Structures are given as structure tokens and as C-alpha cells.
Amino acid sequence: MVAKIFGELRAFLSLRNLQTRIFLVVLVAGFVPSVIMRYGILGNYEERSVQQRISTVQNQLMIVGNHLISNNYFNTKPEGYTSSVSRDVIDAELEMISNLYEGRVMIIDSGLKVLKDTYGLSEGKTIISEEVIKCFQGQVTSNYDREHGYIEMTTLITDASSDTGEIIAVMLTSISNESIMTNMEVLGRKALILESLMIVIITAMAIVLSVVMTRPFSRVSQAISEVKAGYREESISVPGYAETDHIVEAFNQLLKRMRALDNSRQEFVENVSHELKTPMAAIKVLADSLLAQRDAPAELYREFLEDIASEIDRENQIITDLLALVKMDKKAQELNIASLDMNDLVELILKRLRPIARKKDVEVVFESMRSVVAEVDEVKMTLIMTNLVENAIKYNKEHGRVRVELDADHQYFIFRVSDSGLGIPEDALAHIFERFYRVDKSHSREIGGTGLGLAITKSSVLMHRGSITVSSIEGEGTSFTVKIPLTYTAGSAALEKG
Ligand code: ADP
């Protein structure tokens, strides 16, 4: 249990895990915009607040500037125009502004002399500042020094009554940004709380989504694991995404194929056991009946032993055929390819088989359309031809006929065996190439058939990259046609099996 949890955790932590990736994507997609938003909103707020503060203070300073002119603060009007009362009022106005904004206001005349300083430090002194000089040239400036916590600005005092709008003095004001910073701090704190809340929600969402979104994959792998333990189920069904549906479909096809293979293997083993047991049972019966008779005559012994010997021959035949088939099943099996005269080969085979045909009074004729030389494996080719001609003789009627034809075009040679025999029922045609399949079991056994001959024949034909077809009319006769390329091309393609 602990190991399982540990394993899951390790899988989750590895970046190869889809769950981890979904988790990270959701987390980043949710978290990054919230951080950008926080910094964006706070930065914008600071900028706007500073601008607003500058324009408010500028407006108030301009009003004061107008008061200064109208009250002849700079003695530009005739004597007696200004009174000490109005001067005090203006000073009070300036004080009020500097207190209100926690700042300092200086009034500087055109000779760069400080006429008034709300701090009272620089009055009478000369000030050489770039901003002041620029202001006297008509350029009003403002500057926000965040590091030192102040906003500095210059304000023009012009004589509106004169036509030229002459610059009489300049106000150099610096105010604190503390209140803005305090507001920023409060806002920042609220944003942080919201953000933390969002992180918790996003993390929870990321965990839920990563688990939910990968669930169909987990279900598929779980279903596959269950099947792995022993595929009892016909197929697995896990509704999910289109992608998992494809995986499930591919897996079900694989499962079907595995089951078919398993069934055919099982069937094969059953058939083999059955086929091998039949001669054994016969031998046992023969031996037992001999043993049961105390004084059995020597002729009876001889007769029974002959039967036993023939059953052993049959057992041998089955084993030989089986071994031939198994050998052919091995994909890597090499063919011994050589250029052979097919006419000669057919002649040779017919010569060997004619005695058997004669016994059944079956006439075998060979019709060759042309001389054919092809690249084949002699042993396998002999096996193909012998099996087909032998069957045509075996499953023939008394005084029947077997016709063997050989023809070729520029690519293939065609070997056809037609007989006037029993024929094969239509429903059996599809099965005659299967291992151990016999149309009439007892008859086939009687004439020594194992049911493996056509399976071996078909495998051999396919190994030569050829094809075999059959046509038959029950009671009239059968015709097998083998088509094989004249030149053998070894390919890496897997051997096709029928
Ligand atoms: P077997 O060893 O029994 O002959 P085969 O694989 O050679 O096995 O043939 C399978 C079955 O196909 C046979 O048992 C027989 O019933 C049928 N068959 C094969 N060739 C012929 C033929 N020429 N005419 C009629 N039936 C045939």
C-alpha cells in the first residue's frame, strides 16, 4: 500500500506524467494572469495617482500665483499697491498647501533669488536648478522620484495683465508621495489576500482537473491490466475520449486475434491428441484381444501383429506430417531455391504415383503446354504435386481419370490437377485446407489420410509466394490449381497463412 502511494507520488512528480503536465498547465494558466493583473493594476494606480496629485497641486499653485500678481507681491505695480495684510494671507495660503501635501513651496524671481520658502531655509538665497531655469524659459516640468518619496514640479507665475504674459517668477514645489504609497500598500495587501485565495482555488482546480482529465486513461490501463490477468472478457469497454476509444478499439482487435490464436492452438492440440490416440487405441484393442486368448494360433498372432504394424505406420505418418507442418510454420525457414525443369519434375512424380493409380484402375494423363523452368524448392514442390495427385487418385472412383496440366505465362507457372472423382461438398470447400479436416472421416482414414496433406500443400505454396484454389462439383470431380511465380523473390514480408 505504502509502496503504491509512493509509486503514484513519484509518477506524479515526474514530468513525463500527463497528470503532472495538466496540473502544471492549469496552475500556470491561472496563476500567471493573476500576478500580471496585480502588478498591472497597482502600477497603473500609482501612475494615475501621481498625475492626479500633480494636476491638483498645480491648479492650487496657479490660483496662489494669480493672487501673488493681483496683490503686487513682486512690487511690479506702483508703491502702496500691496499691503502687509494681503502678503500674510498669501503666505498663509502657501503654508496651507505645503502642510496639506506635506511639501515645500519656494517662490523664485527672475534673478533666481528665493523670495519665499515655506521651510524658511532658503529665503534670500540664489538657487540654480535646471527645472527652474527651464521654467523661466516657459517649460513647466514635473518629476516623480519614487526612491526618495517626493514629487517635484515647477509652476509659472505670469503677469496676465501685461500683453506679453511676462514670466515674473517661478514656484518650485516638492510634495511627499506618502499618502499614495499608503493607499498602494492597502491595495497591495488586499490584492495579495485575493491572490492567495485564488492560488488555493487554482491549485484545487488543477488537482481536480488533472485527476478527472486523465481518468479515462487510468481506466483503460486498469481494464487492460484486468485482461492481462486472464482474458476472460470478450472485449473491454471504457467510454472516454476519442483517443482512449481508439486505444480500446485497437486493444480489442488485438484481444480478438489473441483469442482466435489461442482457440486455434487449443483446437490443434486437441486434434493432434485425438489423431495420435486413434491408432494407439487400435493397437491396445488388438494387443488386449491377443492376450485374452490363452492358446491363440500363430496365424492369429501374425494377422494381429500385421494390423498393429499398420497402425504404427499410420501413427508414424501422422507424426511425419505434423513435423513437416510445424517446420513450415517457422517463419525463418529457408527455402532451397534452384532452377528446375517443371516438366521433368511432374514426370518423375507421376512415375512414382502411377502404381497406386493402377491399383485403383485410375488413368493419369499429363498435358504440358510448354516447357517450364522455375525457381522453386525441389522438396517442397514435390510435396505439393505429390499431395494433389495422390488425393486425386485416392478420392477417385474405380476406372476414374486424373488430368495433370502444366502451363506458364511470362510471370507464373500453373499446375492443375483435375479428377473425375467423388468431388467435395460446397460447404466443405472452405475447410479442406485446415489441419485435420476431412470431408468423410471414416473413408479418409480407410485410405490412409491424415487430414494434414492439403494444409502442408497450402503452406508450401505460400512459401513460394504462390496461390492455390479449388473448384469442385460433388459426385463429378475436383480441380486444384496452383499458381507460382517463375522467379522466386525472397521478401521480408511475413509468410501469409491460410
Ligand atoms: P487427407 O490426408 O485426409 O487426404 P488432405 O488434407 O489431403 O487430407 O485432404 C483433406 C480432405 O479433403 C480429404 O480428407 C478429402 O475429404 C478432401 N479432398 C482432398 N482432395 C480431394 C479430391 N481430389 N477429391 C475429393 N476430395 C478431396
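Across the interface of domain 2 and domain 3, two residue pairs are in polar contact, both at pLDDT 80 or more; a polar contact is a pair of N or O atoms within 3.5 Å, where within protein one atom must be able to donate a hydrogen and the other to accept it, and residues adjacent in sequence count only if both atoms are side-chain atoms. The model is predicted: local features need pLDDT of at least 70, side-chain atom pairs count only at pLDDT 80 or more, and totals for chains, interfaces and linings use all residues. Residues are numbered from 1 along each chain as its sequence is written, and side-chain values use heavy atoms, with hydrogens and water left out.

The side of domain 2 that touches domain 3 draws at least two residues from each of helix H6 (242–292) and helix H7 (298–329); helices (H or I, at least four residues) and strands (E, at least two) are DSSP runs, numbered from the N terminus. H7 gives the largest share of that side, eight residues. By class, the side of domain 2 that touches domain 3 comprises six nonpolar, three polar and four charged residues; Ala, Val, Leu, Ile, Met, Phe, Trp, Tyr, Cys and Pro count as nonpolar, Asp, Glu, Lys and Arg as charged, and the others, Gly among them, as polar.

The domain assignment, automatic or from a database, gives three domains to the chain, tabulated here.

| Domain | Residues |
|---|---|
| Domain 1 | 69–179 |
| Domain 2 | 242–327 |
| Domain 3 | 334–485 |

The C-alpha centres of domain 2 and domain 3 are 24 Å apart. Their contact (heavy atoms within 4.5 Å) involves 13 residues from domain 2 and 11 residues from domain 3. Between them the two domains bury about 1,100 Å², 62% of it on carbon and sulfur atoms; buried area is the accessible area (1.4 Å probe) lost on putting two parts together, summed over both. Glu275, Arg314 and Leu325 lose the most area on the domain 2 side, together 48% of what that side buries.

One salt bridge is counted between domain 2 and domain 3, the term denoting a side-chain nitrogen of Lys or Arg within 4 Å of a carboxyl oxygen of Asp or Glu. Glu275 pairs with Arg438 in a salt bridge whose closest N and O atoms are 2.5 Å apart.

The structure's salt bridges number 15 by this rule. Glu46 and Arg146 form a salt bridge at 2.5 Å, N to O. Glu46 belongs to helix H2 (residues 18–70) and Arg146 to the loop between strand E3 (142–145) and strand E4 (150–158), so this pair ties together parts 100 residues apart in sequence.
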